[in-house]
Amino acid sequence: PGLRRQWGAAMVAGLAALFPLLLSVDLYIDDIERAMDGSLGWVRVGRPLADVLVEWLNFGHPVTAVAPLNTVVAMVLLSAVGVACARAYGIRSPIWTAMASLPLMAQPYALQAMSYGFDAVFMAAALAAAVVAALLVNSQGSGRFVAAALMLQLLAFNLYQPAANGFLVMTGCLCIAASIGLLHPTWQRQSLRARLLVSAAVYGGGYGLYRLLFALLFEHRLNRYASSAAAFKPLDWQLPLALLGSALEPIQQVLLDFGAWPVVLPLMVLLITYAGLLHAVRGWRTTAMVLVFSVVVLLLAPGGMVLLRESFVRHPRVLLYFGPLLTSLILQILVLTRLQGRRSWRLGVLPLIWLMVVVSYAYGHAFAAQARFEQGRLSRIVAAASTLSAREGQPPAQFLMVEGTMPRSPVLKNTVRKFPVIDRLIPPLLNGNQTFSFSQLRLYGLALEKRRPEDFQEGWPKGCEPSPDAICTREFSLQRAGADTLVLQLAPGAEVRPET
């Protein structure tokens with residue numbers, strides 16, 4: 001009964017926090033093409049088990065859009081993981097278990113992962129596997145538990161590689177908690193050295209096995225995007241500085257996204273509460289050592305991503321490991337308040353919980369407003385294309401070229417002034433001559449083939465003059481260029497929007 005109450009409370013908290021996402025986010029980025037074509041293809045980006053899991057849950061091929069069902073399943077998994085984490089710290093309260101579990105699914109960078117109608121379930125499963133692997137390593141350290149942890153870590157890498165780094169954060173936080181006596185007594189038996197050695201072996205072994213199996217079975221199926229994204233930094237004298245720079249990138253990104261006043265206040269309250277309780281319970285020396293070790297955990301948290309040549313922080317979803325970090329921090333505060341006897345200090349975690357809820361609701365409203373804004377403009381673009389095609393004496397168009405970017409709606413413009421991260425959570429799909437542009441246009445009824453500018457001899461039209469071959473508006477222009485090609489140019493001067 002206690003476990004059910006804890007899980008139920010965590011699930012209710014997740015549903016309440018993510019309600020706008022469940023209500024407003026339908027087809028998110030890659031979901032559009034998968035919903036139309038029924039394709040999978042995650043093996044081409046290094047996630048072979050994602051294809052297996054989604055196809056199994058969707059009763060085979062072709063897959064169909066079922067959002068938000070997969071997001072709800074993801075919440076079920078992460079709520080259970082939150083309960084397991086709370087139990088490791090001896091927390092039995094359903095309410096505080098719910099508060100501590102919320103970052104696993106509702107921290108701002110996890111919102112992107114939870115938005116995918118198809119991907120959410122395997123991204124959450126990968127994070128759950130990584131966190132449970134860390135719990136197994138730090139529980140008893142027996143051979144069976146270590147073997148199970150290794151298999152779970154291998155599973156995490158095969159489902160969604162960035163989520164596997166949740167293991168590093170969770171095991172680091174558990175090591176910190178064990179070293180200062182914050183875990184449940186049955187979790188305190190291992191030495192710190194044993195925890196670190198086994199953790200390194202499990203993470204390294206899982207990653208090595210993943211790379212070996214993928215190289216033997218699937219590497220020939222990688223697409224160009226995955227091959228480019230997986231390219232490593234050059235091995236030269238600048239490598240140490242480059243690695244440090246990449247390790248610091250997530251921290252810098254958090255400061256850029258949440259460093260402005262008063263949004264930074266909940267983070268400050270959380271850290272001050274944690275440091276104050278540590279000092280009261282264990283003294284300044286232990287507090288200083290814990291804070292230093294916490295910084296080390298943060299720097300190691302990106303794992304193998306620091307080796308990549310391209311920056312990884314532009315994708316909010318790869319920072320899923322901040323969820324286990326915040327969950328661990330909240331649980332440690334709860335235990336410290338129990339040891340100190342000042343349970344009112346627990347209120348120090350509430351501003352962060354409220355911030356997550358506010359960001360989630362702001363994201364849901366901004367997404368819905370942007371969707372309505374884009375739907376109106378796309379409908380006018382499709383109507384213009386239909387008008388050009390219906391004019392007498394004109395051959396049907398077969399190809400399309402796109403120039404320009406879909407602008408932000410007024411609601412999105414205002415929202416990103418306070419929460420810049422939402423600008424990356426709601427990327428422009430109609431964005432130049434890219435595949436996403438054609439997927440979104442096809443969703444709204446304009447199904448033309450992509451033509452590359454280098455394959456088009458006539459070049460981009462300069463300006464727009466209304467004629468039987470051109471429709472010119474303040475929002476866009478649509479013109480014939482050649483016998484079988486349309487050129488769509490969005491209004492110039494639109495603001496630059498980030499890609500993700």
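Reply: Start with Arg-451, which counts as buried because its relative accessibility is 19%. Buried means under 20% relative accessible area, exposed means over 50%, and partly exposed lies in between (1.4 Å probe, protein chains only). The model is predicted: local features need pLDDT of at least 70, side-chain atom pairs count only at pLDDT 80 or more, and totals for chains, interfaces and linings use all residues. Residues are numbered from 1 along each chain as its sequence is written, and side-chain values use heavy atoms, leaving out hydrogens and water.

Asp-484 is partly exposed, at 23%. Its side chain meets that of Arg-451 in a salt bridge (3.6 Å, N to O). This pair links distant parts of the chain, 33 residues apart: Arg-451 sits in the loop between β2 (449–450) and β3, Asp-484 in the loop between β4 and β5 (485–490). Helices (H or I, at least four residues) and strands (E, at least two) are DSSP runs, numbered from the N terminus.

The rule for a salt bridge is a side-chain nitrogen of Lys or Arg within 4 Å of a carboxyl oxygen of Asp or Glu. By this rule the count comes to seven.

Next, Arg-408 pairs with Asp-423, with the closest N and O atoms 2.6 Å apart. Here 15 residues separate the partners: Arg-408 is in the loop between β1 (399–403) and α18 (410–418), Asp-423 in helix α19 (residues 421–425). Arg-408 is buried, at 12%. Asp-423 is buried too, at 9%.

Finally, Glu-475 bridges to Arg-380 at 2.9 Å between the closest N and O atoms. The partners are 95 residues apart, Glu-475 in the loop between β3 (470–472) and β4 (476–480), Arg-380 in helix α17 (residues 350–390). Glu-475 is partly exposed at 22%, and Arg-380 is partly exposed at 41%.
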